Amino acid sequence: MPPYRLPMYRERPAVRCINFLCAVLLTMVLVAGIIMFVLWLSLRPHRPRFFLDDFTIPNLNRQSGAVNLPVRFNVDERNPNQKIGIHYGTIFGSVYYNDLLVASGPVVQPFYQQPKGDTPLAGELTASGPTPGDPAWQRFAGDAAAGSVALRLLLNSTVRFQVQMWDTREHHMKVDCEFGLRGDGTLQQGDKNKQCTLYF
């Protein structure tokens, strides 16, 4: 008796065609994924940087308190991205002495920052305290008399990154600048051009 042989299986042309199309499709998806990953690496947005250039509260050491004193500051905003612009919403500023709010309000209107741009942000607020009636006044006046008043400037806004015609979604941004003032209300030399902390 001749040995038994299994029948040879022949793949149908339709099945071969489907397998070929699936292989081509998977290859295209893989190549597209690699291209998108490379583009993302090259166009990945870097966060802007903020530096405190100047800050003054004239007559900070007056005995009647800080109410209605002008609060002026300059912050340097730098966009490190070579191909990505940044849209800023209205920037709101707040100044704190420890947990006591000294001044707050809108300081900069919405603007667009060009790639590799450098924009000075000039803000002016009016102080709402402290006054001699506040619990923190004695310590505030003592710090002013000693020539070193520790303050914080907070800047809050929303930002959108733009790559040519494509915009990202809005991100909430908070900039935190810690610094000290002399007794006359001018910025201490060691805090000039100090980089602020950025939170997204």
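## What counts as partly exposed

Buried means under 20% relative accessible area, exposed means over 50%, and partly exposed is anything in between. Take R72: its relative accessible area is 37%, so R72 counts as partly exposed. Keep those cut-offs handy, and keep in mind that this is a predicted model.

## The overall layout

Let's step back and look at the whole chain. The protein chain has two helices and twelve strands. Starting from the N terminus, the elements go α-β-β-β-β-β-β-β-α-β-β-β-β-β.

How much of the chain is buried? Buried residues make up 35% of its 200 residues. The accessible surface comes to about 12,600 Å², and carbon and sulfur atoms own 58% of that. The chain also folds back on itself in its contacts: of those with a separation of 6 or more, 69% are between residues 24 or more positions apart.

## Strands side by side

Strands in a sheet pair through backbone hydrogen bonds, and they can do this parallel or antiparallel. Here, four strands make an open sheet in the order 7-2-1-11, with antiparallel pairing. Which strands sit at the edges? Strand 7 (118-126) and strand 11 (194-195) do, as each pairs on one side only. Further in, strand 1 and strand 2 run antiparallel and are joined by seven bridges.

Now look at strand 10 (residues 171-181). Strand 10 is joined to strand 8 by eleven bridges, and the two run antiparallel. One spot to check is V149, which stands opposite L181 in strand 10. Strand 10 also runs antiparallel to strand 12 (residues 197-199), this time with three bridges. There, K174 has Y199 in strand 12 as its bridge partner.

In soluble globular proteins, nonpolar side chains tend to be buried together. The largest nonpolar core in this model has 43 residues, and the members that touch the most others are F50, F55, L151, L153 and L181. Strand 8 (residues 149-163) gives this core its largest share, seven residues.

## A leucine in a loop

Who does L60 meet? Leaving aside neighbours within four places in sequence, its contacts are L69, F140, V149, L181, R182, G183, D184 and G185.

## A nonpolar patch on the outside

Some nonpolar residues show up on the surface too. F20, L21, V24 and M28 make a nonpolar surface patch of about 410 Å². L21 belongs to helix 1 (residues 13-43). At 51% relative accessibility, L21 is over the 50% cut-off and so counts as exposed.

## Charged pairs

Side chains of opposite charge can pair when their charged atoms come close. How many salt bridges are there in this model? The count is five. In one of them, K192 meets D54, with 3.5 Å from N to O. K192 sits in the loop between strand 10 and strand 11 while D54 is in strand 1, so this pair ties together parts 138 residues apart in sequence. Both partners are partly exposed: K192 has a relative accessible area of 32%, and D54 is at 25%.

R72 is in strand 2 and E124 in strand 7, so the pair links parts of the chain 52 residues apart. Another salt bridge joins the side chains of D76 and R78, at 2.9 Å from N to O. D76 is buried, with a relative accessible area of 16%, whereas R78 is partly exposed at 33%.

Conventions:
Residues numbered from 1 in each chain as written. Predicted model: local features only at pLDDT ≥ 70, side-chain atom pairs only at ≥ 80, totals over all residues. Heavy atoms only, no water. Contact = heavy atoms within 4.5 Å. Pairing = 2+ DSSP bridges. Core = buried A, V, L, I, M, F, W, Y, C linked by side-chain atoms within 4.5 Å. Buried < 20%, exposed > 50% of the residue type's maximum accessible area, 1.4 Å probe, protein only. Patch = residues over 30% accessible without salt bridge, like charges linked within 9 Å, V, L, I, M, F, W, Y side chains within 5 Å. Areas by Shrake-Rupley, 256 points an atom, 1.4 Å probe, with all protein chains shown as cover. Salt bridge = Lys/Arg side-chain N within 4 Å of Asp/Glu carboxyl O.
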